[in-house]
Amino acid sequence: MASVREINENKDVFVGVTLPLKTGITGHFQQSQTIKEQAYSNVKNLILTAKGERVGQPEFGCNVNRIIFEPISESTGDAIEESVRDAMATWLSYVTVQNVLVSFDEQDTNKILLSIEYTLDVEDGDSLDAITFNFNVGI
């Protein structure tokens, strides 16, 4: 079995497909060539998939889409963080969540920003990566 370093350095090896889906150089979907790039797509897919949305795996996903359309309260940020951490622990066990930051725009009460900082357990080193989601609720 190839090591993570060998996979990441071999330009002829593809790890998975990236999101959003678009045509790649091989004529099929664009593919990721590193574990880091694929992990980013996997995190994005997990957070943007609502539980019950995926056929055959109704528990796959995260409840963020449900939570953001409920009235915003003091517990909204905590509920989003809990949902993200639970989904990541269940479905992406090779990803360690370092921080989940939820912020609300004071100017635009319909905007919720979600930032997830994470590291990959399968890579050498402690490279911190982040992904940010900008939810415009009610638009």
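In what order do the elements of the protein chain run from the N terminus on? The order is α-β-β-α-α-α-β-β-β, and the chain holds 4 helices and 5 strands. Helices (H or I, at least four residues) and strands (E, at least two) are DSSP runs, numbered from the N terminus. The structure is a predicted model, in which local features need pLDDT of at least 70 and side-chain atom pairs count only at pLDDT 80 or more, while totals for chains, interfaces and linings use all residues. Residues are numbered from 1 along each chain as its sequence is written, and side-chain values use heavy atoms, with hydrogens and water left out.

Of the 139 residues of the protein chain, 30% count as buried. A residue is termed buried under 20% relative accessible area, exposed over 50% and partly exposed in between (1.4 Å probe, protein chains only). The chain exposes about 8600 Å², of which carbon and sulfur atoms supply 50%; accessible areas come from the Shrake-Rupley method with a 1.4 Å probe, and for residues only the protein chains shown count as cover. Contacts, defined by heavy atoms within 4.5 Å, were also classed by sequence separation. Among contacts between residues at least 6 apart in sequence, 40% join residues at least 24 apart.

Helix α4 comprises 16 residues, 76-91, and reaches 22 Å from its first C-alpha to its last, close to the 22 Å expected at 1.5 Å a residue. The expected span of a helix is 1.5 Å times one less than its number of residues. The buried residues of α4 are T76, G77, I80, S83, V84, A87 and M88. They cover an arc of only 130° around the axis, which puts them on the same side of α4; the arc is that of the directions from the helix axis to the C-beta atoms. The face of α4 turned away from this buried side carries the exposed residues D78, E82, A89 and T90. The cover over the buried residues of α4 includes α2 (35-48), α3 (64-68), β3 (95-104) and β4 (111-120).

For helix α2, the 14 residues should span 20 Å at 1.5 Å a residue, and the end C-alpha atoms are 20 Å apart, which agrees. Its buried residues are I35, Q38, A39, S41, V43, L46 and I47. In strand β3 lies V100, which counts as buried at 8% relative accessibility. Residues up to four places away in sequence not being counted, V100 touches E81, V84, R85, L114 and S115. The C-alpha atoms of V100 and A130, 30 residues apart along the chain, are separated by 9.6 Å.

A pair of aromatic rings is described by the distance of the centres and the angle of the planes. Rings of Phe, Tyr and Trp (its six-membered ring) pair if their centres lie within 6.5 Å; planes under 30 degrees apart count as stacked, over 60 as edge-to-face and the rest as tilted. The count by this rule comes to 2 aromatic pairs. F60 and W91 form an edge-to-face pair, at 5.1 Å centre to centre and 70° between the planes. F60 lies in the loop between α2 and α3 and W91 in helix α4, so the pair ties together parts that are 31 residues apart in sequence. F60 is buried, at 8% relative accessible area, whereas W91 is partly exposed at 32%. The rings of F133 and F135 have centres 6.0 Å apart and planes at 15°, so this pair is stacked. F133 is buried at 7%, and F135 is buried at 10%.
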